[in-house]
Amino acid sequence: MSERAAIVTVSYDSVDVLPPFLASTAAASAGPVDVVVADNHSAQASALRRITEDAGARFLELDENRGYGAAANRAVATLDPDVRWVLVSNPDVVLDPLALDRLIATAAADPSIGAVGPRLLEPSGEVYPSARLLPSLRTGLGHAVFANVWPGNPWTKRYRQDGDHSGRRDAGWLSGACVLVRRDVYDRLGGFDEGYFMYFEDVDLGWRIGRAGLRNVYEPAASATHIGGTATQGSSERMRKAHHESAYRFLAQKYSAWWLWPLRVALRAALAVRARATHTR
């Protein structure tokens, strides 16, 4: 690569998954890549620092758990000004060889592309639908209401863009589990909105990239595997609450006109009902 790139990840007691992630970054590009691990005040910070520095990466220890997007922003802010490309990834992801170079090649070929996401695989080899439409009143709410009781419903299929994942295509947003963003675009937009502690910060970023007149592109020629981890086990209730709060925050911003206040009230009520329903399952 002729332009510098960096990989940023956010850790939170991620000692089980960080080693394979860091090992995969070495082969993700044919050239040297800066790697930064931003740690959200883990109890295991000392072990994570050792793992990070043994891999030749840089460890950024935060003084509190600021959430995924805020920690990623702190890491990006420490990068040298000449870093042109930033891959933001979960630590429980393993990048395929040359995945980063392939993402950069796609973005570099078209200045209208603001972000590129790879084909994201489950450990089983199944493709995870990581490039989706933006949530709307029809697809988003239909997916929210029926996804758990009727997985094959048409709203979920459309929102997730289920089907053939073998071709490059535009998307409304790309999963923050692994997404490449142009550094100048990231900086111009202020990175992730730190009002989202977890969930929907990637949806919001994709929405703002689109509003800036740029494209979010899914590139299946680059692959990564989402292996999962243990950092969030035991916190499903907190995560469920955060998911619904973030969903409302995004939709309330998207439909923010004053005359849409009855819609925002209805959205809050519907998401509260869904949160209670999923809690009782």
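Modeller: Phe200 sits in the loop that joins α7 (183-189) to α8 (201-211). The model is a predicted one. In it, Phe200 has a positive phi of about 70 degrees, although it is not a glycine.

Biologist: What makes α8 count as mostly covered?

Modeller: Nine of the eleven residues of α8 are buried. They are Glu201, Asp202, Val203, Asp204, Leu205, Gly206, Trp207, Arg208 and Ile209. After α8 comes Gly213, with a positive phi near 85 degrees.

Biologist: Which other residue has a positive phi although it is not a glycine?

Modeller: His41 has a positive phi of about 60 degrees. His41 lies in the loop between β2 (34-39) and α2.

Biologist: How do you know which accessibility class His41 belongs to?

Modeller: The relative accessibility of His41 is 47%. Buried requires a value under 20% and exposed a value over 50%; His41 therefore counts as partly exposed.

Biologist: What is the angle at which the axes of α1 and α2 cross?

Modeller: The axes of helix α1 (residues 18-25) and helix α2 (residues 45-54) cross at roughly 20 degrees and come within 10 Å. Because angles under 35 degrees count as roughly parallel, α1 is roughly parallel to α2. The crossing of the two helices is right-handed.

Biologist: Which residues make the contact, and how do they divide into nonpolar, polar and charged?

Modeller: From α1 the contact involves Leu18, Pro19 and Leu22, and from α2 it involves Leu48, Ile51 and Thr52. These residues divide into five nonpolar, one polar and no charged.

Biologist: What can be said of the chain as a whole?

Modeller: The chain has ten helices and twelve strands. Of its 281 residues, 50% count as buried. The accessible surface comes to about 12900 Å², and 54% of that belongs to carbon and sulfur atoms.

Biologist: What percentage of contacts join residues at least 24 apart?

Modeller: Among contacts between residues at least 6 apart in sequence, 77% join residues at least 24 apart.

Conventions: Residues numbered from 1 in each chain as written. Predicted model: local features only at pLDDT ≥ 70, side-chain atom pairs only at ≥ 80, totals over all residues. Heavy atoms only, no water. Axes fitted to C-alpha atoms, helices over the stretch in contact; angles between N-to-C directions. Helix = DSSP H or I, 4+ residues; strand = E, 2+ residues; numbered from the N terminus. Parallel < 35°, antiparallel > 145°, perpendicular 65-115°, else oblique. Left-handed = near helix turned anticlockwise from the far one by under 90°. Contact = heavy atoms within 4.5 Å. Nonpolar A, V, L, I, M, F, W, Y, C, P; charged D, E, K, R; others polar. Buried < 20%, exposed > 50% of the residue type's maximum accessible area, 1.4 Å probe, protein only. Areas by Shrake-Rupley, 256 points an atom, 1.4 Å probe, with all protein chains shown as cover.
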